[in-house]
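Hi,

Here is the structure I said I'd pass on.

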Amino acid sequence: MINLIFESIFFLLASCTIILSVAGYGNFLIYKYNNNFFEKIFFGIIIITFLVTLIHFFFKISFYITVGLLFIGLILFLRNHKSSLTKLYKSNLLYLIIFLILLPIYISQKYHEDFGYYHLPYVITMIEEKIIFGLANSNSAYAHNSIWLNTISLFSLPKNNFNFLTLPSYLIYNLFIIFSLKNILKLNNQKISNYFLIICVFYLLLKFTRISEYGNDLPAIIFSILSIFYFLRYSETKKNQNKFFYFFCCFSFAVFSVLIKLSGIPILLLPLILLLKNYEKLKKEIFNVNYLFVFLLAFIFYLQQFFYTSCIIFPTKFTCINTEWFNNDFLLLREKLELIKKQIS
């Protein structure tokens, strides 16, 4: 009983620290826009993922790097929100209760088959070695990875304790639910985008009852939903400043969702549609530094994939270069997967 109480307290403290730290980073991308606490968290996740992916080119992702990144993020948050910390707590007390109500979803851990097959082994390589050229030769599942696996590598505890690897998925799930409820419950805010959130909240609560079973699907779906939400918001506002922010959200979350799961690539049509329809208004906006950061994130992720396979995109012949670590079997793997899909259909 005492151990359960201690673990619960530790879990809550760790969750609060992570949330505040991630929000501290998020302010860098959207400081010039009017935004709320949850939007800072969503963008903070993107920055944290960028940092861990970049660091892994030179260092293994040790527990000390995790602590260092979280500490820096917490300092950044306190520096920008010191005067509003109490106000933030009071205004979100109800949502803290919702967070606790959803706690059993995290406690009921039941890992999916991919976790042991390549999620956990991949995380172990992240924390034990810096980037390995030709890593995919050790496991064909690494022929194309999810950037979310880079993120969860930060949540490995000392002594090979991997109980917190699903924590990022749980936190983004909870925070999205709370973010949606805050938008839905706003008075005089009857918009199509909020009705869309209502449908999404019901879908997520009914489908994702055990976070750990769904691997990379859950974060990819959530960021895709966020991209659609801000796509709808763009047409619901007349203020140019808001339009610029909503387009940036739509673009950033769409790109990030595709980096998590390549099958989400159709979601990129949304920011493309907005750009084509509003080119004169957005043509200068897309050259801002924050957009360049998102492009840089995609670049370093696909550079990482190139180091793993010698192919930029999941083994397609025209994106592969014949290096010392290239294996022609990667191309055969693609053909096998296509054959399996045809047999299933």
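The largest cavity in this predicted model has a volume of about 170 Å³. Of the 16 residues lining that cavity, Ile 18, Val 22, Ile 45, Phe 155 and Pro 168 are the closest to its centre. In total, the structure holds two cavities of 30 Å³ or more.

A word on how that works: on a 1 Å grid over the protein atoms alone, a cavity is a set of points where a 1.4 Å probe fits but cannot get out, and lining residues have an atom within 4 Å of a point. Grid points are joined across faces, edges and corners, and the volume is the space filled by probe spheres set on the points.

Helix 1 (2-30), helix 2 (37-55), helix 3 (63-81), helix 8 (147-152) and helix 9 (167-184) each give at least two residues to the lining of the largest cavity. (Helices are DSSP runs of H or I, at least four residues, numbered from the N terminus.) By class, that lining has 14 nonpolar, two polar and no charged residues. Here Ala, Val, Leu, Ile, Met, Phe, Trp, Tyr, Cys and Pro count as nonpolar, Asp, Glu, Lys and Arg as charged, and the others, Gly among them, as polar.

Now the cysteines. There is one disulfide in the structure, counted as a pair of cysteine sulfur atoms within 2.5 Å. It joins Cys 311 to Cys 320, with 1.9 Å from S to S. The torsion about their S-S bond is about 105 degrees, so the disulfide is right-handed. Cys 311 and Cys 320 are both buried, meaning under 20% relative accessible area (1.4 Å probe, protein chains only). Cys 250 is buried too, at 0%, but its sulfur is 8.7 Å from the closest cysteine sulfur, in Cys 249, too far for a bond. Cys 200 is also buried, with a relative accessible area of 6%.

One more residue to look at is Met 126, in helix 7 (residues 113-128). Met 126 counts as buried because its relative accessibility is 0%. Beyond its neighbours within four places in sequence, Met 126 is in contact (heavy atoms within 4.5 Å) with His 56, Lys 60, Ile 61, Asn 150, Ser 153, Gln 304 and Tyr 308. His 56 is 70 residues away from Met 126 in sequence, yet their C-alpha atoms are 7.1 Å apart.

As the model is predicted, local features need pLDDT of at least 70 and side-chain atom pairs count only at pLDDT 80 or more, while totals for chains, interfaces and linings use all residues.

Cheers

Definitions and conventions
Residues are numbered from 1 along each chain as its sequence is written. Side-chain values use heavy atoms; hydrogens and water are left out. Buried means under 20% relative accessible area, exposed over 50%, partly exposed in between (1.4 Å probe, protein chains only). On a 1 Å grid over the protein atoms alone, a cavity is a set of points where a 1.4 Å probe fits but cannot get out, and a pocket is an open set with protein on both sides within 12 Å along at least five of seven lines; lining residues have an atom within 4 Å of a point.
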